[in-house]
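Me: Please take a close look at one part of this structure. I would like a connected account.

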Amino acid sequence: MSKTALQFRHNGRDVAIFVDGGTNLLVALRELIGDMTPKFGCGQGGCGACSVLIDGELHLACLTLAETVAGRSIETLDGIKQGPNLHPLQRAFADNFAAQCGYCTPGMLMAAKALLDRNPQPSRAEVIEAISGNICRCTGYEPIINAVLAAASSRARA
Amino acid sequence: MARHRGRGIASINYPIGMNLGGDPSQALVHSNPSGKFTVSLSSIDLGQGMKSVTRQICAETLGVPVEDVYVDTADSDTGPHCMGSFASRGTHRVGNAVMAAAKEARGVMMEAAAEELEVNAADLETDGRGNIHVKGAPHRSISTKDVAIAAQFKQGKTISGRGIFLVPLSDVDPETGEMSPATCYAHACLVAEVEVDDETGDVAMIRMDSAYELGRALNPRLVEQQLVGGAWMGISHALYETTEPYYPVSSHGPRDFVEYLMPGPGDICPHDIAVLERPAADGPFGAKGPGEMCANPVLPAVANAIFNAVGVRIDKLPITPEKVLRAIKAQGGARPQPRR
């Protein structure tokens, strides 16, 4: 199968790769770019572990054809820390014990970031809706909801 | 057609660790010339926090800062033997093994420090901040790092310790079958409040209130995290999850996360938890283990709450809307029980 040259922005940096036809964005990010923060959970859009932002909008990398992101800007968990400092959401997840095994955490953080970027002061119901596409087996969701609300309120204070 | 509120209670008595067979786990502790300590285990941390808890146990026993202890887990090729991370046994079994190993290592560390300070080891104490000094004379002090260096390069001693925890085997009385299957029990009581829709059979969680007695909570935030997450899993097993929803036709079984049902973030409810600390006689620093028991009381409490709400007794899990609805129809309608 012939390969297609593909360029896009990855966490603020221009990248160029060659992809086989049919390659999904998750495989492109993990295997061709080496960004292991989007996780492979189910590979069919049921768990949210591979969530990334494409031009600021939340998408499932496993259901996104890599070729469709040509020229667009991809943001993954690997890019959200601010220099040496954790992103306020990462800090809030740590403070609120919102991760146990950690496998859902990158997707949860991206879903939460997509929410706070468009709605800095969400209600509890809005947080619940925003993370409803992401499955967590360990935490019971409560600490994650609390972490997102805490990050929003710390941002409001800042 | 209406929605009915009901309240159910359940209490559990939960044995820590496996029964019989001794359920052993081993741990090795050694110091590096940097003065830091490594705990070697074959046990696995799945995210419950066993690495953090064994680190705390080791640091507390050695008398050194928690930052000076590194826990290396889950290499069964090179690590000491462990039965595994299950049966809520990690904190209790592995913790006891780590404590024994750290005690032995502390003995060598104090002997090595005594040789450097030219005093009797029995006269020394640790300050928990990385120093060893003569009791009552803090200025006669040596850092654990300098002790480690002296042991390694001058005295030719290994500051290390071995630990194992094995429950004494219990004989079964051939006449009565009486035996002592476990040495340590945790306890919990949980009240669940649900709302049952008698038109759809749908059960919504309204709130939970629980009390857990699980020995000393070595890391209260990790204990709380276990109890919150475990209760969610209890709701999931009570009302949602099954691999065989239409047994015995397994081809109707769930194949993915769309068909394998679990409660989402919108299906949870407020949960007020009280942790009662009654130190266990044979636990490390009195700890038992919150592990699996955090899910257990939820299931019977939810089943009892459904009975209280609509008068149907469902004894097959999960309690799906279909089962609730069929049972309500079979008894000719919802029969709310006296509110408890």
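At what rough angle do the axes of helix α1 and helix α2 of chain B cross, and within what distance do they come?

Reply: This is a predicted model: local features need pLDDT of at least 70, side-chain atom pairs count only at pLDDT 80 or more, and totals for chains, interfaces and linings use all residues. Residues are numbered from 1 along each chain as its sequence is written, while chains are lettered from A and ligands numbered from 1 in the order in which they are written.

Start with the two helices. Helix α1 covers residues 50-62 of chain B, and helix α2 covers residues 90-117 of chain B. Helices here are DSSP runs of H or I with at least four residues, and strands are E runs of at least two, numbered from the N terminus. The axes of α1(B) and α2(B) come within 8 Å and cross at roughly 30°. Axes are lines fitted to C-alpha atoms, for helices over the stretch in contact, and angles run from 0 to 180 degrees between N-to-C directions. α1(B) and α2(B) are therefore roughly parallel (angles under 35 degrees). The crossing is right-handed (the near helix is turned clockwise from the far one by less than a right angle).

Now the residues. On the α1(B) side, those in contact include Val53(B), Ile57(B) and Leu62(B). On the α2(B) side they include Val94(B), Val98(B) and Arg106(B). Contact requires C-beta atoms, placed from the backbone, within 7 Å. By class, this contact has ten nonpolar, five polar and two charged residues. Nonpolar covers Ala, Val, Leu, Ile, Met, Phe, Trp, Tyr, Cys and Pro; charged covers Asp, Glu, Lys and Arg; the others, Gly among them, are polar.

Strands pair if DSSP finds at least two bridges between them.

Look at one pairing. β6 (residues 131-134) of chain B and β7(B) share four bridges. Asn131(B) stands opposite Ser143(B) in β7(B).

Note on methods: Parallel < 35°, antiparallel > 145°, perpendicular 65-115°, else oblique. Contact = placed C-beta atoms within 7 Å.
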